[in-house]
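Open the model in your viewer and keep the sequence panel beside it. This tour goes from one selection to the next and says what is there.

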Amino acid sequence: MSTAQSTPEAISRIRLTRRAAHVPPSATAALDAQAKALIAQGVDVINLTSGEPAFPTVEPAAQAALDAIATDFTRYTPAAGIPELRTATAKFLNRHGTAYEAGQVVITAGAKQALHYAFTTLVEPGDEILIPAPYWVSYPHLAALAGGTLVPVQPAQGSGLKVTADQLRAAVTDRTRVLLLNNPANPSGVVYDRTELAALVQVAIDHDLAIISDEICDHWTFGDAEHVSVAALGPEAAARTLTIGGVSKTFAMTGWRIGWIAAPTPVAQAVTAIQSHTASAPSSISQKAALGALTADLGPELERRRLELDDRRLTTIKALAGIPGVEVAGNPIGAFFLFADVSATYGHTLAGRTITSAADFAELLLTEANVAVIPGADFAAPDHVRISYTVPPDRLAEALTRVADFVARLGSGVA
Ligand SMILES: Cc1ncc(COP(=O)(O)O)c(C=O)c1O
């Protein structure tokens, strides 16, 4: 007798679309999950895989959310977001020299959803999206969901992990539709300066490409680095750029899920229409929280946090400089990651396992030294691992000692 109950067999008879079947789970999330599973078993793992600063949500955001609940601000909002938040976001973005107005801003459920809308709005099946490598793991899948293909442009040896305008230009085909930039860059922490960025943007202008500029880490620049917003590079740049950002990283609000797209008005209108049918709008409570963050005087607190992360960054760079075989790539002066080339450890054996890839290195480091880092294959950099230095200083110091001991155990010859 058949029942209406869903069984594993019934579920397995559902045929997924090619689109859905070809999207693997995020590699960063997978390693994070592996590390968390070990922690749950009582293993003292230090997790350097995280994509978020380990600070609490800024207080005015939390208070604004509580107020929103207390006043029953719990209904659908306008599809593009509440007007006050769109205005506050435009003002916040314009600190980098752009000239956005509220009507050009759409509030989304995180920068990730903003990116999904951006691809949906710009990319036709078969279109190519140019991107400097290494790049963030979600981009190829977001492009593929829209029917597009990501075309990575690899930096030359000795370039400090930066691609040039000439390299980009050489990769343009008649299918190229979008230039995707992520500055400061995840996973490398590299920051393109104004001149370098302007040269890349000029390629987009010359070939009439749209630009998706993911600036989610705009607050996190260190040393001499300055954040340059692509849409501030002149009217030609602004006219073809979708600026992506959000409160996740700057205000330590990753779980609140508030991001944005700022773009020329027709794009903002198209995105709003899509959002009206897919999400209605982001959470009303989270929008109020984001408004609380954007309108409070948080300058000193954010600067304190930035300097704290800078300390951790410098500690990590210094410690890695003393570890043979783990070589920091490029100049990590942004975001909260650095990328290390571990190819010099290949051929070395520990616990019966020989390292032949950065994935082997990361797995052995986790199982033998209880430190989690992310191998670079999914960032289009298979000889590297990404190290997130956001953990508290004592844990970071302990993790770096463990990495040094681990490499020492690999034996002589790691140079
Ligand atoms: C480069 C980059 N873009 C976008 C996002 C997504 O951010 P959000 O939490 O706002 O969705 C992340 C998060 O890890 C990121 O690293």
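Which residues surround the ligand? Select the ligand and show its neighbours: Gly110, Ala111, Lys112, Trp136, Tyr139, Asn182, Asn186, Asp214, Ile216, Ser248, Lys249 and Arg257. Keep in mind that this is a predicted model.

**Stop 1: the ligand**

Zoom in on the ligand, which sits in the largest pocket. Select aspartate 214: an N or O atom of its side chain is 2.6 Å from a nitrogen atom of the ligand. Next select lysine 249, where a side-chain N or O atom lies 2.7 Å from an oxygen atom of the ligand. Then select arginine 257, whose side chain has an N or O atom 2.7 Å from an oxygen atom of the ligand. Taken alone, the ligand exposes 400 Å², and the protein buries 92% of that.

Which element gives the largest share of the shell around the ligand? Helix 6 does, with three residues.

**Stop 2: helix 6**

Select residues 110-122, which make up helix 6. This helix has 13 residues, so at 1.5 Å a residue it should span 18 Å. The C-alpha atoms at its ends are 19 Å apart, which agrees with that figure.

Now colour the buried residues of helix 6: Gly110, Ala111, Gln113, Ala114, Leu115, Tyr117, Ala118, Phe119 and Leu122. While looking along the helix, recall that an α-helix has 3.6 residues a turn, so residues three or four places apart point the same way.

**Stop 3**

Is glutamate 124 buried or exposed? Glutamate 124 counts as exposed because its relative accessibility is 53%, and the cut-off for exposed is over 50%.

With a relative accessibility of 33%, glycine 126 counts as partly exposed. Its C-alpha is 9.8 Å from the C-alpha of arginine 177, although 51 residues separate the pair in sequence.

**Stop 4**

Most residues other than glycine have a negative phi, and most peptide bonds are trans. The next two stops show exceptions.

Select proline 134, in the loop between strand 3 and helix 7 (139-145).

Then go to proline 184, in the loop between strand 5 (176-182) and helix 9 (194-206). The bond from asparagine 183 to proline 184 is cis, and its omega is near -10°.

**Stop 5: two positive phi angles**

Which phi does serine 280 have? Its phi is positive, about 65°, although serine 280 is not a glycine. Find serine 280 in the loop between helix 11 (265-278) and helix 12. Serine 280 counts as partly exposed because its relative accessibility is 28%.

Asparagine 370 is not a glycine either, and has a positive phi of about 60°. Look for asparagine 370 in the loop between helix 14 (358-369) and strand 13 (371-372). Its relative accessible area is 22%, so asparagine 370 is partly exposed.

**Stop 6: helix 12**

Select helix 12, residues 284-295. Its twelve residues reach 17 Å from the first C-alpha to the last, close to the 16 Å expected at 1.5 Å a residue. How many residues of helix 12 are buried? Nine of the twelve are, so the helix is mostly covered. Among them are Ser284, Ala289, Leu291 and Leu294.

Pick out glutamine 287 in this helix. Glutamine 287 counts as buried because its relative accessibility is 0%. A polar atom of the glutamine 287 side chain lies 2.8 Å from the backbone nitrogen of isoleucine 82.

**Stop 7: strand 10**

End at leucine 338 in strand 10 (residues 337-341). With a relative accessible area of 0%, leucine 338 is buried. The C-alpha atoms of leucine 338 and alanine 319 are separated by 13 Å, and the two residues are 19 residues apart along the chain.

Notes. Residues are numbered from 1 along each chain as its sequence is written. This is a predicted model: local features need pLDDT of at least 70, side-chain atom pairs count only at pLDDT 80 or more; totals for chains, interfaces and linings use all residues. Side-chain values use heavy atoms; hydrogens and water are left out. Helices (H or I, at least four residues) and strands (E, at least two) are DSSP runs, numbered from the N terminus. The expected span of a helix is 1.5 Å times one less than its number of residues. Buried means under 20% relative accessible area, exposed over 50%, partly exposed in between (1.4 Å probe, protein chains only). A residue is near a molecule or strand if one of its heavy atoms lies within 4 Å of it. A polar contact is a pair of N or O atoms within 3.5 Å; within protein, one must be able to donate a hydrogen and the other to accept it, and residues adjacent in sequence count only if both atoms are side-chain atoms. Accessible areas come from the Shrake-Rupley method with a 1.4 Å probe; for residues, only the protein chains shown count as cover. On a 1 Å grid over the protein atoms alone, a cavity is a set of points where a 1.4 Å probe fits but cannot get out, and a pocket is an open set with protein on both sides within 12 Å along at least five of seven lines; lining residues have an atom within 4 Å of a point. A molecule sits in a cavity or pocket if more than half of its atoms lie within 2 Å of its grid points.
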